[in-house]
There are 2 protein chains.
Amino acid sequence: MGSPERIREVAKRVARFVKDGHQVVVVPSAMAGETNRLLKLAAELNADPSPRELDVIAATGEQVSIGLLSLALQNIGVKARSYTGFQVKILTDDAHTKARILSIDDANIRRDLADGNVVVVAGFQGMDAAGNITTLGRGGSDTTGVALAAALKADECQIYTDVDGVYTTDPRIEPAARRLATITFEEMLELASQGSKVLQIRSVEFAGKYKVKLRVLSSFTDTDSTDMGTLITFEEDENMEQAIISGIAFNRDEAKITVLGVPDKPGVAFSILGPIADANIEVDVIIQNVSHDGITDFSFTVHRAEFKRAMQLLEDKVKPAINARSISGDDRIAKVSLVGIGMRTHAGVASKMFGALAREGINIQMISTSEIKTSVVVDEKYMELAVRVLHREFELDKAPTEEKMKP
Amino acid sequence: MGSPERIREVAKRVARFVKDGHQVVVVPSAMAGETNRLLKLAAELNADPSPRELDVIAATGEQVSIGLLSLALQNIGVKARSYTGFQVKILTDDAHTKARILSIDDANIRRDLADGNVVVVAGFQGMDAAGNITTLGRGGSDTTGVALAAALKADECQIYTDVDGVYTTDPRIEPAARRLATITFEEMLELASQGSKVLQIRSVEFAGKYKVKLRVLSSFTDTDSTDMGTLITFEEDENMEQAIISGIAFNRDEAKITVLGVPDKPGVAFSILGPIADANIEVDVIIQNVSHDGITDFSFTVHRAEFKRAMQLLEDKVKPAINARSISGDDRIAKVSLVGIGMRTHAGVASKMFGALAREGINIQMISTSEIKTSVVVDEKYMELAVRVLHREFELDKAPTEEKMKP
């Protein structure tokens, strides 16, 4: 919610749902810029701030929003009551600034809903068992919304964002990118984690775990619009007619590392990745191909910011320990992934992908596949081209069936 | 607390107390302008806002302050922990926007103090028995401070304000006004309620009730200053050498109303003030003089904003009911009061006061007296002159004894 003007718009939208006979729980985020303003104040006073006190400060942004939204609702004749995370109460663990929700006491909310209220709950925040204020980390309001929907067994959890749904790929890179009317949870997860950053990934995981029907909508469309954004589903059979490929994800946050001349014997992968994990470096793609003469190469990707540290670690500790030939790496790479639940049952997706890239002269450096995803690592300068080539190749600009597009 | 700069100053001051071996609980107010900013946002969304939601919004100002002050303390090596009103917990009644403190659970605070922490508690806020967030009204941080001092049996409660103590009268009106080193609780109460608005009156009443030693200091003096402001005491014998008069209060917020030709019989005062009270109009001075021929005049003062309403009410309801002759009123008046505990035992204070005013040609319209106060109502145009005349007449610019002035 950006401004009083925006809060009034949200209130109008909620009022329409109430008029349609729905019981509504709303989880507003902080007003635009508010959380940053607060954290900047904190940083001015302490360069290494205590997470406990940061949470006390940051949680106020959403607290202001629930009060303001309740007032805006009451102003147009809608009964409303606000709750902080503390008041609900939303119990979390004690990991300040990135707490996880443990349980929700929905008694007050149910009572207020039964009394005809819209209930406005502060997102992003909770309390730990000792009564300390906690926050769930950036984007935590989405997680709060999904958790409440799960606790209340809501018909649907609508998440209003600055985009109007999930697209086949980023429209800034491929203008023909098309919005999906539905997408499965798994596909969404792959798309969200790989660059189509529509929703906080934890909220999507949460929705999957508790089978919450999630809908992504734009908070900027007209409040009277019947636009229904993208529905994220958890039942595959709903998507029988789904296209083979639902979208293309990409990211250039990674770097690739290869340990060359590794003896192909049990325990070697652990010898390489153990020290990496001990240093808290996260690894994404891991590839080890078949060996020749008992010697193989072992490759993986890490976040670009960890590249130098990982290289140093391998050079100093791993190389001598496993007697590898050498370590090579490249942080100028990008990963491009085809995502689609239909991929499981449709042969030839990968070869079609590789063929399209080859025709454009894009060299594939690494390949990894899962049931619903085929990823390639390419030189980062080819990333945009690869996205566009694959979008065209798989005809993602065209809806799979016309019926599917109308919600 | 005005800004990050000011918060750092407060932290330094607190650190000095800690270094001197004190256990310290700090109650910061919201940052300057913050509460107004929040209430303006609320007013933009709802012209008649729900008090419950106003409290949710307004309470965030102090919550931000406790987090920031804790961070500033930690930044200079002082262990600190913050608490919201909710967390302490400070239980209040459910009178939103003007709640009263019912009890304080000081267990967490005592434990943290014992652990060597400075405890930073959000002022102005609490929760009611149902778990709703409440606020104590403007200036409520003072009340929180005093209530905590009472609960913790603190040696002293220091209140930092934008003035550096309690003066004999407002220095803007009488430049010779002198700061008092000590003042009794009762005198303070009279001075605070009548215009020398140094502290919120409820905090002073609270201090009186629980015998909390209260000190008013300036938050703008150097943090290393040894200036001790004004100490408010509750034991009269400490003040044996106190001057007869400690100060002069004044206000021009009132209007006077007289019911003329009232039959002097039992129940008449109630017939007049009953309807006024029923209409929630507060009455200050009440005067009824002896009657002549069974007929008397009955006068009282009300807040100036209530003047017209009170006049109308008397004209419509009271005058016919009690068969009074007429109603007259004047909202261009001011009340000037001499305040001093010494007045009880020193005869001649009132006559000296009336003589001084007469010499300047100031007509006295009404007089009322209490044990420690003599008030006169005069034409408002004479208010400043009356204050200056009386300040000179009672030599308030001179300290009663030199020793008294040095804390």
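In chain B, helix 1 meets helix 3 through B:Ile7, B:Arg8, B:Val10, B:Ala11 and B:Val14 on one side and B:Leu68, B:Leu69, B:Ala72 and B:Leu73 on the other, where contact requires C-beta atoms, placed from the backbone, within 7 Å. The model is predicted, with pLDDT of at least 70 needed for local features and 80 or more for side-chain atom pairs, while totals for chains, interfaces and linings use all residues. Residues are numbered from 1 along each chain as its sequence is written, and chains are lettered from A in the order in which they are written.

**Helix packing in chain B**

- The axes of helix 1 (residues 4-19) and helix 3 (residues 51-75) of chain B come within 9 Å and cross at roughly 60°, the helices being DSSP runs of H or I with at least four residues.

**Relation of the two chains**

- Chain A can be laid on chain B with an RMSD of 0.3 Å by a turn of 178° and a shift of 0.0 Å along the axis, superposed by least squares on C-alpha atoms of residues with pLDDT of at least 70 in both.
- That is the relation of a two-fold axis, and A:Thr60 is the residue of chain A closest to the rotation axis, at 2.5 Å (C-alpha).

**Interface**

- The contact takes 29 residues from chain A and 29 residues from chain B.
- Helix 3 of chain A gives the most to the side that touches chain B, with 14 residues.

Methods
Axes fitted to C-alpha atoms, helices over the stretch in contact; angles between N-to-C directions. Helix = DSSP H or I, 4+ residues; strand = E, 2+ residues; numbered from the N terminus. Contact = placed C-beta atoms within 7 Å.
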